[in-house]
Amino acid sequence: MKVLIATDKPFAKVAVDGIRKEIEAAGFELALLEKYTEKAQLLDAVKDANAIIIRSDIIDAEVLDAAKELKIVVRAGAGYDNVDLEAATAHQVCVMNTPGQNANAVAELALGMMVYAVRNFYNGTSGTELMGKKLGIHAYGNVGRNVARIARGFGMEIYAYDAFCPKEVMESEGVIVCDSADELYKACDVVSLHIPATAETKNSINYALLNGMPKGGLLVNTARKEVINEAEVLKLMADRPDFKYVTDIMPAAHAEFAEKFAGRYFATPKKMGAQTAEANINAGIAAAKQIVGFLKDGCEKFRVNK
Ligand code: NAD
């Protein structure tokens, strides 16, 4: 069995070494395609692969057509909107992600961005503190849960809204549960966004929702840019000079945000949430283990195209 790592942004060497160990211990062969610049290189590399480990790499119908021997694709990370799930199902290819492996890394970044924003982007002026403020966690999944854990240490009051997580689970972890996103945004000084990009959530963070936030509202986005209705957030920030927006996913209209709202807006130059040595290693090795479990024992625990 041949397992291909196909990453235009490579894993750290220590992660590749860890993946190799898992794959070779199972008696499989590991191939590596890193820093590829042309899709043709990917199409060529997948030809005889039985399994592929990717990061943000695009797996579409053309790649799946070229990968005649493919059985499984694992996205080392949480978001899998870079894989065409319908096409994968049609090609009888199992798609998995590695949930939770980078959650702490993203959560630490979210808290770091919060501090940065309330301290006026370290511009030398007096800011505010997080202690005693109400933090709204929009989606209580792997990242949201870690944000709650860390924010509690800051002395924040934790609220959450999740469309699917049972209320009792959130309550048992000391969270004040809201019944809608609207209720969450109205209640909280800071909202940290952790929803996936789905048909339902795309463009859902809009003027009406954010305008419900109290004076001095802060939105922290470490989720996906697609969930933001950029035109409406631009309008909201124009209408609300008190509102701040910080994001780990640079908006399409970044230049306009940066020019109009200097001092109230910040975007990381590249998505940095999962960019830690630990997350890299955890997600890569989890992907390798999931491939071995699937190919040897048919384990489909983290399958996302059921
Ligand atoms: P997760 O799957 O563990 O959690 C997602 C949560 O969203 C689940 O609890 C689910 O019930 C909830 N949810 C789904 N649809 C919802 C809706 N319409 N309304 C409210 N809640 C809803 O995912 P995660 O690992 O916590 O990741 C969260 C987000 O962070 C994803 O968008 C992911 O793509 C993004 N992410 C970003 C980075 C980064 O580098 N910035 C890294 C990893 C993940």
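Ile228 counts as buried, at 3% relative accessibility, where buried means under 20% relative accessible area, exposed means over 50%, and partly exposed lies in between (1.4 Å probe, protein chains only). This is a predicted model, in which local features need pLDDT of at least 70 and side-chain atom pairs count only at pLDDT 80 or more, while totals for chains, interfaces and linings use all residues. Residues are numbered from 1 along each chain as its sequence is written, and side-chain values use heavy atoms, with hydrogens and water left out.

Ile228 is found in the loop between β10 and α10; helices (H or I, at least four residues) and strands (E, at least two) are DSSP runs, numbered from the N terminus. Not counting residues up to four places away in sequence, Ile228 touches Leu193, Asn203, Ile205, Leu219, Asn221, Val233 and Tyr245, contact meaning heavy atoms within 4.5 Å. The C-alpha atoms of Ile228 and Asn305, by contrast, are separated by 25 Å, and these two residues are 77 residues apart along the chain.

Thr222 is also found in the loop between β10 and α10, and Thr222 is buried, with a relative accessible area of 10%. Once its neighbours within four places in sequence are left aside, Thr222 is in contact with Val106, Leu109, Ala110, Met113, Leu193, His194, Asp248 and Ile249.

Helix α5 has 16 residues and reaches 23 Å from its first C-alpha to its last, close to the 22 Å expected at 1.5 Å a residue, the expected span being 1.5 Å times one less than the number of residues. The buried residues of α5 are Ala103, Ala105, Val106, Ala107, Leu109, Ala110, Leu111, Met113, Met114, Ala117 and Val118. Just after α5, Asn120 takes a positive phi of about 55 degrees.

Leaving aside its neighbours within four places in sequence, Met114 is in contact with Leu130, Leu135, Met156, Val190, Ser192, Leu218 and Val220.

The ligand is surrounded by 25 residues, and the closest are Asn142, Val143, Asp162, Ile195 and Asp248; a residue counts as near if one of its heavy atoms lies within 4 Å of the molecule. An N or O atom in the side chain of Asn142 is 2.8 Å from an oxygen atom of the ligand. Asp248 has a polar side-chain atom 2.8 Å from a nitrogen atom of the ligand, and a backbone N or O atom of Ala163 lies 3.2 Å from a nitrogen atom of the ligand.

Arg240 is found in the loop between α10 (230-239) and β11 (244-247), and at 11% relative accessibility Arg240 counts as buried. The side chains of Arg240 and Asp242 are joined by a polar contact of 2.8 Å, that is, a pair of N or O atoms within 3.5 Å, where within protein one must be able to donate a hydrogen and the other to accept it, and residues adjacent in sequence count only if both atoms are side-chain atoms. A polar atom of the Arg240 side chain also lies 3.1 Å from the backbone oxygen of Met213.

The buried residues of α1 are Ala15, Val16, Gly18, Ile19 and Ile23. Seen down the axis of α1, these buried residues fall within an arc of 160 degrees, so they line one face of the helix, the arc being that of the directions from the helix axis to the C-beta atoms. The buried residues of α1 pack against β1 (2-7), β2 (29-34), β3 (51-54) and α12 (277-297), whereas on the other side of α1 Lys13, Lys21 and Ala25 are exposed.
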